[in-house]
Amino acid sequence: MVLYNKRIEDLQTLPALSSSEVVGNIILCDNSEISLHNEDALFDLGPKVCYLPMGGNLGIARAYNKAIKYVQSEYVCLFDDDTVFPSDYFEEVAKEIAKTKAHVLLPLVFAKSHLLSPCKKEKNRIRGLVEPYCFEKIE
């Protein structure tokens with residue numbers, strides 16, 4: 001999970017991730033530009049959590065790539081600090097992997113009704129990918 005100027009204590013999804021039997025380890029990459037003393041909160045999070053300060057906002061791609069170097073499991077889920085998901089999210093992901101044998105699953109990310117991701121750049125415009133790909137909206 002990538003943090004940006006947010007305190008660990010304010011992460012809504014962290015308790016669900018920490019208590020999940022399906023989640024092996026949680027890697028928090030802190031892209032914050034201000035000190036929020038997040039390292040002080042680590043003692044309460046348990047051995048499942050690894051905290052990686054990035055030393056400022058180096059971008060989400062760098063944070064994700066750094067986190068992946070520390071992964072100790074077969075599967076990886078990438079989240080931002082404002083990501084929310086239903087309580088059965090990991091069970092649904094496991095079912096989808098079993099059903100499709102997919103190597104990569106991507107959610108559709110919307111801002112209101114505008115598809116943000118996955119997307120492609122065409123002539124300096126970002127366009128959501130809908131055709132010819134088949135995606136199912138996760139709500």
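## The loop that holds N5

N5 lies in the loop between β1 (2-3) and α1, where helices (H or I, at least four residues) and strands (E, at least two) are DSSP runs numbered from the N terminus. N5 is partly exposed, with a relative accessible area of 30%; the word buried stands for under 20% relative accessible area, exposed for over 50%, and partly exposed for what lies in between (1.4 Å probe, protein chains only). The C-alpha atoms of N5 and D30 are separated by 8.0 Å, although these residues are 25 residues apart along the chain.

The model described here is predicted, so that local features need pLDDT of at least 70 and side-chain atom pairs count only at pLDDT 80 or more, while totals for chains, interfaces and linings use all residues. Residues are numbered from 1 along each chain as its sequence is written, and side-chain values use heavy atoms, with hydrogens and water left out.

## The chain and its core

The protein chain has three helices and seven strands, and along the sequence they follow the pattern β-α-β-β-α-α-β-β-β-β. Of the 139 residues in the protein chain, 29% are buried.

The largest nonpolar core has 19 residues, of which I8, L14, L17, I26, L28, F79 and F90 touch the most other members. Such a core is a set of buried Ala, Val, Leu, Ile, Met, Phe, Trp, Tyr and Cys residues joined through side-chain atoms within 4.5 Å. At least two residues of this core are supplied by each of α1 (14-19), β2, β3 and α3 (89-100), and the largest share, four residues, comes from α3.

## Salt bridges

A salt bridge is counted when a side-chain nitrogen of Lys or Arg is within 4 Å of a carboxyl oxygen of Asp or Glu, and by this rule there are three salt bridges. In one of them the side chains of D10 and R7 meet, at 3.3 Å from N to O; D10 is partly exposed at 40% relative accessible area, and R7 is also partly exposed, at 38%.

Helix α3 holds K95 and E92, which are three residues apart, about one turn of the helix, and their side chains meet in a salt bridge of 3.2 Å, N to O. Here K95 is exposed, with a relative accessible area of 51%, whereas E92 is partly exposed at 38%. K99 and E96 form another salt bridge, with the closest N and O atoms 3.4 Å apart; because they are three residues apart in helix α3, about one helical turn separates them. K99 is exposed at 61%, while E96 is partly exposed at 29%.

E9, E39, D40 and D44 gather in a patch of negative charge on the surface. A patch of this kind is made of residues with over 30% relative accessible area and no salt bridge, like charges being joined within 9 Å. Asp and Glu count as negative, and the place of the charge is taken as CG of Asp or CD of Glu. D40 has its place in the loop between β2 (26-30) and β3 (49-53), and D40 is exposed, with a relative accessible area of 52%.

H37 is also found in the loop between β2 and β3, and H37 has a positive phi of about 55° although it is not a glycine. At 47% relative accessibility, H37 is partly exposed. K101, in the loop between α3 and β4 (109-111), has a positive phi of about 60° and is not a glycine either; K101 counts as exposed, at 62% relative accessibility.

Technical notes
Patches are made of residues with over 30% relative accessible area and no salt bridge: like charges are joined within 9 Å, nonpolar side chains (Val, Leu, Ile, Met, Phe, Trp, Tyr) within 5 Å. Accessible areas come from the Shrake-Rupley method with a 1.4 Å probe; for residues, only the protein chains shown count as cover.
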